[in-house]
Amino acid sequence: MESFPVGILTVSDKCSKGLATDTSGPALEKLLLSQGEVWTITEKQIVPDKAQIIASTVSSWCAPLERTDNIGSPSTTAGHCRLVIITGGTGVSPSDVTVEAVEPLFTKKLGALATAMVIGSLSITPFAALSQVAAGVIGQAIVLAVPGSKKGSVENVQQILSILPHAVETAGAVNGTRHLHAPSDGKPVVEHTSTNKPTIKCGCARTDEDGGVEFKPQGLSNKLSGGITGRARKSPYPMIPVSAALEKVLSSISELPPQELLLNQICPGQVLAQDVLARENVPAYPASIMDGYAMIASDGPGEFTVRTASTAGAASQEINEHNPLQSGEVVRVATGAPMPPGADAVVMIEDTELIESTTQDNEELRVRILDSANTVSGQFIRPIGYDLKAGTVVLHAGTVITTVGGEVGTLAVSGNKSFLIHPLPNIAVMSTGDEVVDVLGEEVCKNLQYGSIRDCNRPALLTALKALGCTTVDLGVIKDEPDILAQTISKALDTCQGIITTGGVSMGERDWLKPVVEQKLGGKIHFGRVAMKPSKPTTFATIPHNTESYSQEKFIFALPGNPVSALVAFHMFVAPAIRKLAGHLIRLNLSGPEQILNTLRPSVRAIFEGLDYILDRVRPEYIRGSLVWDHVLNHWIVRFTEQNQQSSRMASMRCANALISLPCGSENKPAITRGEWVNVIVIAAPEL
């Protein structure tokens with residue numbers, strides 16, 4: 001089935017003036033793109049509640065396009081939108097004019113389609129009766145008018161979503177619809193049966209008689225025993241949006257159960273599973289901040305008798321609550337030493353002079369405090385609990401232990417013996433392919449045979465995992481043999497939370513990963529293709545894994561074999577999953593999916609600097625980039641690592657610290673140009 005171009009028109013006075021944010025349009029776009037390659041969003045616009053503007057916009061989107069055929073004669077084709085969804089302006093207020101604007105344009109009203117939307121919505125809320133939904137044909141396009149609320153617009157379209165592709169095909173079938181009822185690869189196939197009609201095969205999934213509809217099995221990979229001639233010519237896995245793929249990953253993975261660890265067992269990258277409270281005040285006594293003399297501040301500058309000394313860990317026993325410091329006396333103190341009772345200030349040694357000492361010059365007797373001392377009560381003293389107060393939270397759950405050392409140091413002074421910490425994931429990595437040469441083994445120095453390639457995926461992924469704090473298991477290079485693949489994966493899952501593989505996930509005759517996961521390991525493939533460039537064949541699955549002591553689900557990321565595709569997919573999906581496993585979502589200040597996503601996959605906005613780049617019309621693209629901070633303009637800028645961005649070219653990942661997220665192109669927006677703001681996914685520390 002071809003991909004149909006879609007226009008989404010939001011009708012709202014406030015949104016058109018920038019006084020409100022359009023949520024319905026993006027929600028409808030997400031809904032359609034979740035269907036895989038069926039729909040391509042080519043037009044998006046927000047207009048005010050003006051009938052003339054609404055009608056003009058819809059007419060232009062549905063107008064036939066004039067083209068030139070192969071002999072130079074002008075011809076017309078269907079309009080550049082085959083489906084138009086208008087959200088907003090369908091209520092009962094005087095300003096709601098959408099239906100009045102578009103119904104006169106209909107060449108055919110589709111009352112049953114509108115009724116199906118209303119009936120479905122009425123089962124959810126009685127307020128659906130107040131919406132004037134409409135459906136019709138303009139030219140060769142299906143046009144729908146649905147409510148303006150995010151929830152209402154999506155609910156209405158969901159009622160008819162499964163039949164919309166067939167409706168659009170039928171509306172554009174200027175030569176009749178007989179060809180639509182012929183067998184076609186990739187469509188559900190059922191038989192229309194009737195006592196008075198011959199049986200026909202149809203892609204529209206309806207029956208002429210009462211009874212259920214049976215679909216051709218979907219979602220299963222090639223049969224391991226089917227042979228080369230039995231393999232599918234089209235992938236049975238729908239191509240889903242990146243956002244939907246990440247949602248499936250994160251909803252299938254939970255944080256690892258926390259462990260109680262001693263301080264010397266904690267590693268950088270680990271995450272606290274619960275708040276840490278201070279068991280005691282720090283300091284537990286008033287402490288001097290300087291090397292100098294403790295004194296009574298009201299005495300001011302002058303000559304003083306040095307009564308004794310107080311050093312860290314050895315407070316003077318001569319001065320106590322019963323025998324405090326007296327006016328005219330000072331006590332020599334070291335940094336961190338307890339303040340003697342009666343003293344309320346410290347003067348630095350630099351603001352004093354020695355007047356008298358013992359005969360052997362080994363002890364001070366009298367000193368002069370200079371006018372420069374400027375003594376004030378509390379000067380250079382840390383009061384009790386100044387650093388940490390007993391019972392207060394010193395580190396919150398969700399705090400990441402960094403290599404800086406500050407978190408471990410804070411844990412050390414908290415007075416606690418052990419801490420509840422999420423363990424770091426243990427992940428296995430393997431490359432697959434008969435042609436792949438192991439560069440980490442003895443074959444590294446051998447000359448390559450014709451048709452062989454060196455394995456750069458596994459070393460790169462092992463390094464990337466270690467940067468995330470993971471422990472890793474290197475499974476080596478595994479040949480394209482289903483039994484060996486299944487045995488290797490199953491054994492690794494005994495000790496690892498998950499496995500990353502590369503290669504063997506596309507449409508090749510020896511691409512066995514998906515069949516092995518489904519048919520030998522009983523796994524569930526959550527998605528087998530993603531609408532992105534590169535990394536389209538990226539696959540994510542969960543596998544039930546039983547041992548003598550426990551039963552649980554483990555995960556497998558089967559990444560493409562092209563080196564760049566593998567690394568891009570790693571940073572887009574695997575890295576967020578690893579962060580969630582390690583407990584990075586336990587944060588007190590998180591509220592909403594955007595904050596959660598930015599915690600697991602950090603992103604920024606940056607100015608693009610580089611040559612104009614033609615946008616792909618079908619899939620969003622993730623270009624390898626270098627992100628730097630512009631200290632003059634005070635914003636991020638990003639450049640391509642190099643202009644050649646082929647997915648087979650590992651060199652394009654050199655010095656990359658970002659993926660530049662580029663949307664699908666359209667006639668209105670065919671390219672990204674220098675100076676534009678772009679979304680950037682941060683994959684390594686940027687240059688400051």
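A: What follows starts with the whole chain, turns to the core, and ends with some other local features.

This is a predicted model, in which local features need pLDDT of at least 70 and side-chain atom pairs count only at pLDDT 80 or more, while totals for chains, interfaces and linings use all residues. Residues are numbered from 1 along each chain as its sequence is written, and side-chain values use heavy atoms, with hydrogens and water left out.

The protein has 14 helices and 40 strands (DSSP runs numbered from the N terminus: helices are H or I with at least four residues, strands are E with at least two). Of its 688 residues, 47% are buried; buried means under 20% relative accessible area, exposed over 50%, and partly exposed in between, with a 1.4 Å probe and protein chains only. Among contacts (heavy atoms within 4.5 Å) with a separation of 6 or more, 69% are between residues 24 or more positions apart.

Now the core. In soluble globular proteins, nonpolar side chains tend to be buried together. A nonpolar core here is a set of buried Ala, Val, Leu, Ile, Met, Phe, Trp, Tyr and Cys residues joined through side-chain atoms within 4.5 Å. The largest one has 45 residues, and Ile500, Phe557, Leu559, Phe570, Met572 and Phe573 have the most contacts inside it. At least two residues each come from α8 (242-252), β25 (426-432), α10 (457-467), β33 (551-559) and α13 (563-581). The helix α13 gives the most, with 13 residues. Domain 4 (426-582) and domain 5 (602-682) each supply at least three residues of this core; the domain bounds come from an automatic or database assignment.

Phe557 shows the packing in detail. Neighbours within four places in sequence aside, Phe557 is in contact with Val249, Ile499, Ile500, Thr501, Thr539, Phe540, Phe573, Val574 and Ala577.

Rings of Phe, Tyr and Trp (its six-membered ring) pair if their centres lie within 6.5 Å; planes under 30 degrees apart count as stacked, over 60 as edge-to-face and the rest as tilted. By this rule there are eight aromatic pairs. Tyr613 and Phe640 are edge-to-face, because their ring centres are 5.2 Å apart and their planes stand at 85°. This pair links distant parts of the chain, with Tyr613 in strand β35 (residues 613-614) and Phe640 in strand β37 (residues 635-640), 27 residues apart. Both Tyr613 and Phe640 are buried. Trp629 and Trp636 also form an edge-to-face pair, 5.1 Å centre to centre and with 80° between the planes. Trp636 is buried, at 16% relative accessible area, whereas Trp629 is partly exposed at 28%.

Just after α10, Gly469 has a positive phi of about 90°.

The loop between β31 (529-530) and β32 (539-546) holds Pro534. The peptide bond from Lys533 to Pro534 is cis, with omega near 0°. Ser535 is found in the loop between β31 and β32 as well, and its phi is near 85°, a positive value in a residue other than glycine. Ser535 counts as buried, at 2% relative accessibility.

Elsewhere, helix α7 (residues 164-171) has Leu164, Pro165, Val168 and Glu169 buried. These residues lie on the same side of α7, because they cover an arc of only 140° around the axis, taken from the directions from the helix axis to the C-beta atoms. The buried residues of α7 pack against β1 (4-11), β2 (39-47), β5 (83-87), β8 (141-146) and α6 (150-160).

Another cis peptide bond joins Val282 and Pro283, with omega about -5°. Pro283 lies in the loop between β14 (276-277) and β15 (287-288).
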